[in-house]
Amino acid sequence: MELMKSWERRKIFCPDNRVMQNEGKLKNRVILHLTAIVVFIFSAWFITQRQHIFIYDEVGYLSTGAYIAGYDWSEIAKSYSYYSFGYGLFISIFIKIFNTKEQIYFAILLLNAFLNVLNFYLEFVCTKKVFAEINERVIILCCFTSSLYISNLVYINVIMPEIMLTSFFWAIIYLLEKYMEEKKPITVAFLAILCGLMFWIHMRTIAILFSVGLIGIFLCVKGKIRKSHVIEFVILFVSIIVAGAFAREYIKNGLWGKARDLAALNSNDVGGRINQVI
């Protein structure tokens, strides 16, 4: 009887493992969100430290975005290279929403700060799935460190797609992990759309898309992916690539049609990259 009473007292004053685990998870979630807030504050603060100097690449992306939004920057663009129009699609939204050049510029940089926070969360989720045995707080610290890595802070401060491309990269990793868990066609659709858009944001990402293709082939050989899903991915991805090719030519002809230096115009296209290698 005394043993029973002693056991009851122990249950009252010593919570079981499940309660302690839940408390630990709650603390980790609080730490995760607080860290994300710190990432955003530091990213946003870093934007305010920027010197008002335009970078060559920025003019190329802004020219494309302005053209998509309905403004003719051909007189400016003719002195600069063509830059993939995918990033210009996003820039054009800000040009439509905001009224002044200052507001447009600051809003795009602020988007980079938000995307850096998104990258922090995506990196945490993806890393946690792969390294489930590692303490969550260690993963949070690693993600925090990479989010505030100096190259990230530099690219937050310019109108260039590197921060957005990082978001696409982690989103693709997340969708690949998600597909292995659920194997839903909607996941395949999102994956194909992200891969297609990523290519038109920056063609240099072709290596990442090649890796996705190799993963798909490996899963197909192992019988871990449905053939219908492979067909779905190929149709969507190829459709985006073909549509993007027409859009690229339309924008290049409309905006850079008066370009004097065709070599500079094509330097950031597939042919231009091959010529640089050769």
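1. Buried means under 20% relative accessible area, exposed means over 50%, and partly exposed lies in between (1.4 Å probe, protein chains only). By that scale, E249 is partly exposed, with a relative accessible area of 33%.

2. This is a predicted model: local features need pLDDT of at least 70, side-chain atom pairs count only at pLDDT 80 or more, and totals for chains, interfaces and linings use all residues. Residues are numbered from 1 along each chain as its sequence is written, and side-chain values use heavy atoms, with hydrogens and water left out.

3. The structure holds six salt bridges. A salt bridge here is a side-chain nitrogen of Lys or Arg within 4 Å of a carboxyl oxygen of Asp or Glu.

4. Take R29 and E136. Their side chains form a salt bridge, at 3.1 Å from N to O. The pair links distant parts of the chain: R29 sits in helix α2 (residues 17-48) and E136 in helix α7 (residues 136-147), 107 residues apart. Helices are DSSP runs (H or I, at least four residues), numbered from the N terminus. R29 is partly exposed at 33% relative accessible area, whereas E136 is buried at 12%.

5. K129 pairs with E181 in another salt bridge, the closest N and O atoms being 3.5 Å apart. This pair also links distant parts of the chain: K129 belongs to helix α6 (residues 101-130), E181 to helix α9 (residues 162-182), 52 residues apart. K129 is partly exposed, at 32% relative accessibility.

6. Back to E249. Its side chain meets that of R248 in a salt bridge (3.2 Å, N to O). R248 is buried, with a relative accessible area of 15%. Elsewhere, salt bridges that share partners join R29, K128 and E136 into one network.

Terms used: Helix = DSSP H or I, 4+ residues; strand = E, 2+ residues; numbered from the N terminus.
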